[in-house]
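Take a walk through this fold, from its overall make-up down to single residues. Keep the structure open beside the text.

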Amino acid sequence: MPDDFPQLAQIESSNPMAEGRTLFGLDAEALSALMLEAGQPAFRGRQLAEALYRQRIADLDAITTLPKALRQRLIAEGWQVGRPTIAQVFQSNDGTERYLVELEDGLTVETVWMPEGDDGEVGDDSDGEISQTLGAPGPDFRTWETNKPQSAQKIVRRATICVSSQIGCIVNCQFCLTAKLGLQRNLTAGEIAGQVLAVFDRHAVEVGRDRVNLVFMGMGEPFLNYDSFIAAVRLLVREAGLSPRRMTVSTSGIVPGILRFAAEQPELRPRLAVSLNAPNDTIRTEIMPINRKWPIAEVIDATRQIPLRSHERITFEYVLLGGVTDQLTHARELARQLRRSGLAAKVNLIAWNPGPDIPYSTPQPEAVEAFRSALISAGIPAYLRKPRGRDIYAACGQLKRTVES
Ligand code: SF4
């Protein structure tokens, strides 16, 4: 580790909530082992997993598939479900909701619900049939959307949930409000997956019917809390029944994390987004000091190790900072970088969302469009992510208010 980031080495072990009598966060196997230890048949563990992750029961005494005597005994021994709860809701004019999600130790973390999403998934095929219609004007986000032929009479909703992996962040991207918090602590797998299920409950999401994408792009750098992040993905896929193809994890370019991610089984691996934000190392180091440790070429090399599924693309997120990263020369340089990489790539452009005390400006709409056109002309698919929930500090890079509210 270089001197710039001596803290990185300790992050993986800073997980004060890893122990304790909390059931939420344990998978069916661990729950079965727990039941065997308690002198119960293993199938009780599977019943518990079904109750926690499929039926989303948050109160141990309400899990009526378990005998009452067993529930009482577990409660008497100090066991609880312990799923994170939504403590506060901020509602945007555009339908976005930002939540303060309360954890067992009383700390809060932020999660965002974006009805209709922010178009971050366009072009990566995660939305299957739906992505083919995205060029057409979308329905109002407040309404239910019919994505199947009317004859199928299957009403589904689209939404995206932005999930946090740490409280605060140590990466210190200069344009990000979360960076101002520093790192408070890592989240456990249960705390990461619990954000999703708490929001599912609030919106009565039906897994398998509603089209909800998950983006691990909230507070924190998921690859600096890799074990918990990937354990949360396993819980969401294996126990809650979600598809990893509807999940995207964003990294600021933590190369060892990308290499571990590349070795994950495809059926458990979300899509990858790399938060690139600059066309060259000089600018990137200025706005993302982590680039000193892992420069662009190393990040791209590591990304190339990921065996992509059919139609899968790596997303490169690019925050446009007015006058800093939004020039046409930058677009051309970025296109050259990506073409040289040989990766199946697409670029998601984000017009920077303002935050107090951050010395950048939002780019002009014409500059954003010119940037996007330049990428497209150079053969790089490029999309503009809609800003969602700016008025409630829910947009990209704005999640900080947790400890201030
Ligand atoms: S942009 Fe992401 S990685 Fe960078 S400081 Fe903010 S939360 Fe951390």
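The paragraphs below go from the whole chain to the sheet, then to the helix pairs and a few loop residues.

The model is predicted. Its secondary structure comes to eleven helices and 14 strands. Of the 405 residues in the protein, 46% are buried.

Strands of a sheet pair through backbone hydrogen bonds, either parallel or antiparallel. Here ten strands form an open sheet with mixed pairing, in the order S1-S2-S3-S6-S9-S10-S11-S12-S13-S14. Strand S1 (85-91) and strand S14 (382-384) stand at the edges. Each has a single partner strand, so one side of each is left without a neighbour in the sheet. Neighbouring strands are turned by 25° against each other on average, with direction ignored.

Now look at individual pairings. Strand S3 (residues 108-115) pairs with strand S6 (residues 158-162) in the antiparallel sense, over four bridges. Trp-113 stands opposite Ile-161 in S6. Strand S11 (residues 271-275) runs parallel to S12, and three bridges join them. One link to find is Val-274, whose bridge partner in S12 is Phe-316. With strand S13 (residues 345-351), S12 pairs in the parallel sense over seven bridges. There, Leu-320 has Ala-351 in S13 as its bridge partner.

How many residues of strand S12 (residues 314-320) are buried? Seven of the seven are, so the strand is largely enclosed by the rest of the structure. Both of its faces are covered. One side carries Ile-314, Phe-316, Tyr-318 and Leu-320, and the other carries Thr-315, Glu-317 and Val-319. The charged Glu-317 is thus on a covered face too.

Next come the helices. Two packed helices are described by the angle between their axes and the distance between the axes. Take helix H2 (residues 28-37) and helix H3 (residues 43-54). Their axes come within 7 Å and cross at roughly 135°. An angle over 145 degrees would count as roughly antiparallel; H2 and H3 are therefore oblique to each other. Their crossing is right-handed. On the H2 side, the contact uses Ala-28, Leu-31, Ser-32, Leu-34 and Met-35. These meet Arg-44, Gly-45, Arg-46, Leu-48 and Ala-49 in H3. By class, this contact has six nonpolar, two polar and two charged residues.

Helix H5 (residues 189-202) and helix H6 (residues 226-239) pack at an angle of about 45°, with their axes 7 Å apart. H5 and H6 are therefore oblique to each other as well. H5 passes H6 in a right-handed crossing. Ala-189, Ile-192, Ala-193 and Val-196 in H5 meet Ser-228, Phe-229, Ala-231, Ala-232, Leu-235 and Leu-236 in H6. The make-up by class is nine nonpolar, one polar and no charged residues.

The angle here is about 10°, and the axes are 9 Å apart. H7 and H9 are therefore roughly parallel to each other. Val-255, Ile-258 and Leu-259 of H7 make the contact with Glu-298, Val-299, Ala-302 and Thr-303 of H9. By class, that gives five nonpolar, one polar and one charged residues.

Finish in the loops. Most residues other than glycine have a negative phi. Asn-172 has a phi near 70°, a positive value in a residue other than glycine. Asn-172 lies in the loop between S7 and S8. Is Asn-172 buried or partly exposed? With 17 C-beta neighbours inside 10 Å, Asn-172 counts as partly exposed, because a buried residue needs 20 or more.

Asn-277 also has a positive phi, of about 70°, although it is not a glycine. Asn-277 is found in the loop between S11 and helix H8 (281-287). Asn-277 has 27 C-beta neighbours inside 10 Å and so counts as buried.

Return to the loop between strand S7 (166-168) and strand S8 (183-186), where Cys-176 lies. Cys-176 is buried, with 27 other C-beta atoms within 10 Å. Cys-176 and Gly-355 are 179 residues apart in sequence. In space, their C-alpha atoms are 7.8 Å apart.

Conventions: Residues are numbered from 1 along each chain as its sequence is written. This is a predicted model: local features need pLDDT of at least 70, side-chain atom pairs count only at pLDDT 80 or more; totals for chains, interfaces and linings use all residues. Axes are lines fitted to C-alpha atoms, for helices over the stretch in contact, and angles run from 0 to 180 degrees between N-to-C directions. Helices (H or I, at least four residues) and strands (E, at least two) are DSSP runs, numbered from the N terminus. Angles under 35 degrees count as roughly parallel, over 145 as roughly antiparallel, 65 to 115 as roughly perpendicular and the rest as oblique. A crossing is left-handed if the near helix is turned anticlockwise from the far one by less than a right angle, and right-handed if clockwise. Two residues are in contact if their C-beta atoms, placed from the backbone, lie within 7 Å. Two strands pair if DSSP finds at least two bridges between them. A residue is buried if 20 or more other C-beta atoms lie within 10 Å of its own, exposed if 12 or fewer, and partly exposed in between; C-beta atoms are placed from the backbone.
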